[in-house]
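Have a look at the sequence and the structure first, and then we can go through the interfaces together.

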Amino acid sequence: MVGAGVVEAYGVMLSASLGDSYAITETLVRAAPMIFTGLAVAIAFRAKFWNIGAEGQLLAGAVASCFVGAIPMPGYLAMLLMALAGAAAGALVALVPATLRVKFKVDDVVSSLLLNSVIYYALMALIEGPWKDTFSGYPISPPIEDSANFPVLIEGTRLHLGVVVALIAAPLCWFLISRTTLGFRIRVTGENPEAARYGGINVQRVLLSTALLSGALAGLAGVGEVGGVHFQVMSDISPGYGYSGIVVAMLARLNPLGVVPAAIFLAAVMTGAEAMSRATGVPAFLSDVIQGTALLAMLVALLFTAYRIRRVGASA
Amino acid sequence: MTIAGKTVAQFTPREVQALGLGRIPEDRMTTGLVTNLPLADSMVLPRIGTEAFSRNGLLNPAAIRAFAEAQIKAYDIRCPGPMVRAGALSGGNLQKALLARELAFDPKVLIVSQPTRGLDIGAARFIHEKFLAMRARGCGIIVIGEDLEELLMLSDRIAVMYEGRIAGTLDSADATVARLGLMMTGAGRTEEAA
Amino acid sequence: MSAVFEQIFQVGFLAAIIRIATPLAFATLGEMFSERAGVLNLGIEGIMLLSAMAGFTAASLSGSLWLGVLVAVLVGAAMGALHALFTVALGLSQHVCGIGVTLFCSGLAYFLYRLIFGQQSVPPSIDGFKPVAIPLLSDIPVLGPAVFNQFTLVYLAIIAVPLAAFVLYRTPWGLSVRMVGENPRAADSAGVSVIATRFQAVILGGALMGLAGAFLTMAQFNAFTFGVVSGRGWVAIALVVFGRWDPWRSAGAALLFAFVDALQLRMQASGLGHIPYEAFLMLPFIFTIVAMAFMSRNAVAPSALLKPFRREER
């Protein structure tokens, strides 16, 4: 892959991710779970609750919503209950590292990472065991009811209702962080827990609330994948959307409004890399490399803007 | 210690506040303020949950801003505005901001630690004047500090701590730097006994 | 009861514990050196994966396993240097940089692996390390065949533990590492270069994580799969806390985890076939989380952990 090949490859990448309206809808479908996990991480990191467990919370949300979605009931009721169940499952999972930190001083990074493995194996045990789809015999869960499938918004695409919910969730989270007392407490606790405590904020309660909120958002990412994309649970339902959420949140500088473009950017990289892989044979894992690089590059960029501000501040 | 008949030792910071206790911590930058957030946020921090600044869990940004602006004016806090990063202010202005935040709600008792350490003379005098004005309005002020000149000038009574206990209490009319100094070495108790 | 006892003290079971503990011991010691110098390295999971892949590739292409080990160690050290560049030289958030390094390394490992080996139905494998019996010692009943008829890398791990303790507690460099992790300001005024020492510790840590990766693909599995590390790096971070940042205790923690892991493997194999094996795979992770809950209250991390050092800040 040299010279013209590179240009051609990037051309394929771009046209497959943003080239026509279908490509754009595919990118949006990809972006939706990362908007949710990005919001989950952004809110958690604002409070300096180091939730690296969005992946596990997403999986828990997927499992819970799939359970509910398989129960016959009117479509919109099913969708609502799926969302509630998924959010609740994600929130409960996130509560574990937060509680361990508050009660036992367990490092939240380590516990939330380890919990990802626990949830993943639990999901695998479910779909290999009691929950295995008897019809297909594959290690996948039985599908949800057809009536519970999220409606497709544009005929001929996979653009589903969940994508719109994700796009609405971002400004809601922004409002929560910047215009509510909980958001105020989250920001102050994250910036300076000592001043927060001194100022009468119950820091432990803020951390637990943040965890519930963050986990619920990550859980919703799983709900969208079950209700709008896969209609069942399988082992690779998330290609690491939980970890991508960390990249998204950092690219957005922890601002919920910035999460949307950041998630769309990463989604475009992913869909583009897959198309490029099909066209040129370059492994699609290129998108994972780009993600890691983007995160590290963003951190360095942040550092240099911080330096500039400091220098401007000093000379003023 | 009691405020209006209630013992405060076992209360959380929030409950103590509700009783009318204002506090200005020794370490402004780490305990008092949130340096990376706007100054206005630090100024309303202890009262963010009250009707003055929020309702039903929603913030009232206009009220927060107006409060901060009013205090900036009243206390002559030198800064570009209420939305500036608190950490960008000088020590004297930060101290004024903390004072403004505690005095704005008429505390019954105010506890201040090292109120003018590291400040220039102008800011220190300003803060002393505020204390005297508060005292005139019936607020009890406890100043914790090491600057004996300052304590002599401000206080009605001075208690000297030695090894974690109050070694003795003097009316400031009787107190001199030399006497306080002696008590601070632990000699106070024997003198009192004599 | 005695049947269970017999089961546990079978030679095969003891040997399995040693084998499982080996990569964990390397990784845990690596993370411990890094953290003792004040740098949390969440890149460990990705560094292990990339080293495992690089070592496997080098061994597979050259035919030399030891060259593979060398490559894995060098890659680990290089990625340690990358993490140090971001967190020590630039003073960026250790949490986020570590995650960035893990994402970058895992992506690169998968990408290069596919680029070099393509997509094959049966993953390519190599002829990995063979156990080497140590004369006399391997004749000791039970203990001999379990401990002294192992891969050379296992012996290396057994030597690495006292060596790490010696380096950390008995050498000037070890003292510097502990100083920059506890009180960098004091170390600085004592003439120790905080930046250089931290760089060295994180790079050494990365090299040890590289050894851990090498063991996985060249002794334990003899192939590279995407799940070859599967959380062992994260476990190592927990084991450092569990081992209270001490080489001996960390090695003990690795053995304890390996015991639980070997036990769950036994449970998988023995007559509980109707329970999906993944249900057993969770157990070591749950065990680790619970153990952390018991241990963390009294755990005292190096004081300067997570804190970047800048000289001008007073």
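Buried area is the accessible area (1.4 Å probe) that two parts lose on being put together, summed over both. Chain C and chain A bury about 3700 Å², 83% of it on carbon and sulfur atoms.

Please keep in mind that this is a predicted model: local features need pLDDT of at least 70, side-chain atom pairs count only at pLDDT 80 or more, and totals for chains, interfaces and linings use all residues. Residues are numbered from 1 along each chain as its sequence is written, chains are lettered from A and ligands numbered from 1 in the order in which they are written, and side-chain values use heavy atoms, with hydrogens and water left out.

**Who touches whom**

- Of the two pairs of chains that touch, A and C have the most contacts (a contact means heavy atoms within 4.5 Å).
- Chain B and chain C do not touch, and 14 Å separates their nearest C-alpha atoms.

**Chain C against chain A**

- In this interface, 40 residues of chain C are in contact with 40 residues of chain A.
- The rule finds one residue pair in polar contact here, both at pLDDT 80 or more. A polar contact is a pair of N or O atoms within 3.5 Å; within protein, one must be able to donate a hydrogen and the other to accept it, and residues adjacent in sequence count only if both atoms are side-chain atoms.
- On the side of chain C that touches chain A, two or more residues each come from helix 5 (94–117), helix 11 (232–242) and helix 13 (277–295) of chain C. Helices (H or I, at least four residues) and strands (E, at least two) are DSSP runs, numbered from the N terminus.
- Helix 5 of chain C gives the largest share of that side, 14 residues.
- By class, this side of chain C has 28 nonpolar, eight polar and four charged residues. Ala, Val, Leu, Ile, Met, Phe, Trp, Tyr, Cys and Pro count as nonpolar, Asp, Glu, Lys and Arg as charged, and the others, Gly among them, as polar.

**Chain B against chain A**

- Here 26 residues of chain B are in contact with 20 residues of chain A.
- Helix 1 (13–18), strand 3 (21–24), helix 2 (28–32), helix 3 (39–44) and strand 5 (58–59) of chain B each supply at least two residues of the side that touches chain A.
- Helix 2 of chain B gives the largest share of that side, four residues.

**Salt bridges**

- Over all chains there are 11 salt bridges (a side-chain nitrogen of Lys or Arg within 4 Å of a carboxyl oxygen of Asp or Glu).
- Between chain C and chain A the count is zero.
- Between chain B and chain A there is one salt bridge, and A:Arg187 and B:Asp41 meet in a salt bridge at 3.2 Å, N to O.
- Within chain A, A:Glu274 forms a salt bridge with A:Arg30, their closest N and O atoms being 2.6 Å apart. A:Glu274 lies in helix 11 (residues 256–280) and A:Arg30 in helix 2 (residues 21–46) of chain A, so the pair ties together parts that are 244 residues apart in sequence.
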